[in-house]
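Have the model open as you read.

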Amino acid sequence: MNINSSKKEIKMSTAMTRKEIEEKLITRAWQDASFKQELLSNPQAAFEKEGITLPESIKVTVVEESPSSFYLVLPTQPSETAELSETELESVAGGKFIDVDVWKCK
């Protein structure tokens, strides 16, 4: 997104929470069978098609639930001394719930 102000162009990166990414990808997979297959077989490529670039250190595993299966994902346990960044503090100051996992999207 570009914002023009006083002859300056400021480029802003759009950040999405983990929940927003999941909602976007699940909705697309439900609407497009070929995208769903790619998401299951090659998640990184499917993410990139949706403009979502994850750090190379992030491994993505996609599984499909069935009526007879249930998956529980245990998140990384936060450090007892973990502190919020300035951006996270600003989000919380307004009373907004934040999701710790945030990735840049195109």
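E38 counts as buried, at 18% relative accessibility, where buried means under 20% relative accessible area, exposed over 50% and partly exposed in between (1.4 Å probe, protein chains only). Its side chain meets that of K49 in a salt bridge, 2.8 Å from N to O; the term stands for a side-chain nitrogen of Lys or Arg within 4 Å of a carboxyl oxygen of Asp or Glu. The pair links distant parts of the chain, 11 residues apart, with E38 in helix α2 and K49 in helix α3. K49 itself is exposed, at 57%. Helices here are DSSP runs (H or I, at least four residues), numbered from the N terminus.

A word on the source: this is a predicted model, where local features need pLDDT of at least 70 and side-chain atom pairs count only at pLDDT 80 or more, while totals for chains, interfaces and linings use all residues. Residues are numbered from 1 along each chain as its sequence is written, and side-chain values use heavy atoms, with hydrogens and water left out.

Helix α2 also holds K36, whose partner E64 sits in the loop between α3 (43–49) and α4 (86–93), 28 residues apart.

Next, look at R28 and D32, another salt bridge, with the closest N and O atoms 3.2 Å apart. Searching the whole structure turns up five salt bridges.

Note on methods:
Helix = DSSP H or I, 4+ residues; strand = E, 2+ residues; numbered from the N terminus.
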